[in-house]
Amino acid sequence: MANLKELKGRIASVKSTQKITKAKQMVAAAKLRKAQAAAEAARPYAQRLEGVVASLASKVGASDNAPRLLASTGKADTQLLIVANGDKGLSGAFNANIVKAAILKARTLIAEGKTVKFYLVGRKGRAVIARTFPGMIVGQFDTTAVRTPGYDEARAIAKDVTDRFFAGEFDVATLFYSHFRSALAQVPTEQQLIPVSVPETTVASAGASVEYEPDEETILADLLPRNLTVQIFKALLENQASEQGASMTAMDNATRNAGDLINRLTIQYNRSRQAAITTELVEIISGAEAL
């Protein structure tokens, strides 16, 4: 009977957990629709602004008047890896995949003789990076008190990173985040922020006769900080959609697994109960025969 009580208690416990995972799945599904719409709406603007900046940068090149965010320091010895994570768990491999991509990049750079520093956005991933690369975390932007990180947070992060760059703390900055494709697919993405990466196709088409007023350098000096903020804002939106999609999928799998476990435990409980009843009947019959 003790075994039956244990099984009955375990079934009740799993059913309680299943209710929680089901509720979290529904919450994630509701949040996903809004987060996905925001991420998809931001993509065209971010891509177009990045294209305009790249086009202007291809014309300016390495001129003496080029803004520092474009020309950088002329070196790539010290690399800042900006790792954008979430603050909550129960989202499958969402956070782990971003951290894994950043760690792989860091090891590659270290093998090349580069100095690597980490700037973390969000709480998750800090423990792993701190344990793998002790002493390499130079900054962190806390988003735990923010319900939904948005443009204000992106602007604050961009300013902090820019100030560190002008202070000479690093030469190249690369952002890691998760690009949202669907609730089932979130892709860890690497994007160089400083200096601006100019695609070869942009360089090849830079010979078009276009006159700017004011000059390209002045326009870039204004656009580059804005572009940095927009790209980080896009990454935050992509992360929000990716996190909700991963959470919805993880909670759906957990709910299904809980259902399977409940079925197995119920079968085991019924068999044990039947065996207990049979044993009790045998004892009763044996006692009757003894009389």
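Helices (H or I, at least four residues) and strands (E, at least two) are DSSP runs, numbered from the N terminus. The model is predicted: local features need pLDDT of at least 70, side-chain atom pairs count only at pLDDT 80 or more, and totals for chains, interfaces and linings use all residues. Residues are numbered from 1 along each chain as its sequence is written, and side-chain values use heavy atoms, with hydrogens and water left out.

**View 1. K234, a buried lysine in helix α7.** Helix α7 spans residues 216-290 and contains K234. K234 is buried and has no salt bridge. Buried means under 20% relative accessible area, exposed over 50%, and partly exposed in between (1.4 Å probe, protein chains only). A salt bridge is a side-chain nitrogen of Lys or Arg within 4 Å of a carboxyl oxygen of Asp or Glu. The nearest side chain of opposite charge is E50, 5.1 Å away. Lys and Arg count as positive, Asp and Glu as negative; His and the chain ends are not counted. The K234 side chain does make a polar contact with the side chain of Q191, at 3.4 Å. A polar contact is a pair of N or O atoms within 3.5 Å; within protein, one must be able to donate a hydrogen and the other to accept it, and residues adjacent in sequence count only if both atoms are side-chain atoms.

**View 2. Salt bridge between E190 and K105.** The closest N and O atoms of this pair are 3.1 Å apart. The bridge links distant parts of the chain: E190 sits in strand β5 and K105 in helix α3 (residues 94-111), 85 residues apart. E190 is partly exposed, at 45% relative accessibility. K105 is partly exposed too, at 25%.

View 3. K159 is exposed, with a relative accessible area of 54%; D163 is partly exposed at 39%. D252 counts as partly exposed at 21%, and R256 as exposed at 55%.

**View 4. A salt-bridge network.** D160, R164 and E169 are linked by salt bridges. The structure holds 8 salt bridges.

**View 5. A surface patch of positive charge.** K24, K31, K34, K88 and R147 gather here. Patches are made of residues with over 30% relative accessible area and no salt bridge; like charges are joined within 9 Å, nonpolar side chains (Val, Leu, Ile, Met, Phe, Trp, Tyr) within 5 Å. The place of a charge is taken as NZ of Lys, CZ of Arg, CG of Asp or CD of Glu. K34 belongs to helix α1 (residues 2-60). K34 is exposed, with a relative accessible area of 70%.

**View 6. The cis peptide bond between I194 and P195.** Omega is about -10°. P195 lies in the loop between β5 (185-194) and α6 (200-204).

**View 7. T73 and D171.** T73 is in the loop between α2 (68-71) and β1 (78-84). T73 is partly exposed, with a relative accessible area of 32%. The C-alpha atoms of T73 and D171 are separated by 5.8 Å, though the residues are 98 apart along the chain.

Definitions and conventions: Accessible areas come from the Shrake-Rupley method with a 1.4 Å probe; for residues, only the protein chains shown count as cover.
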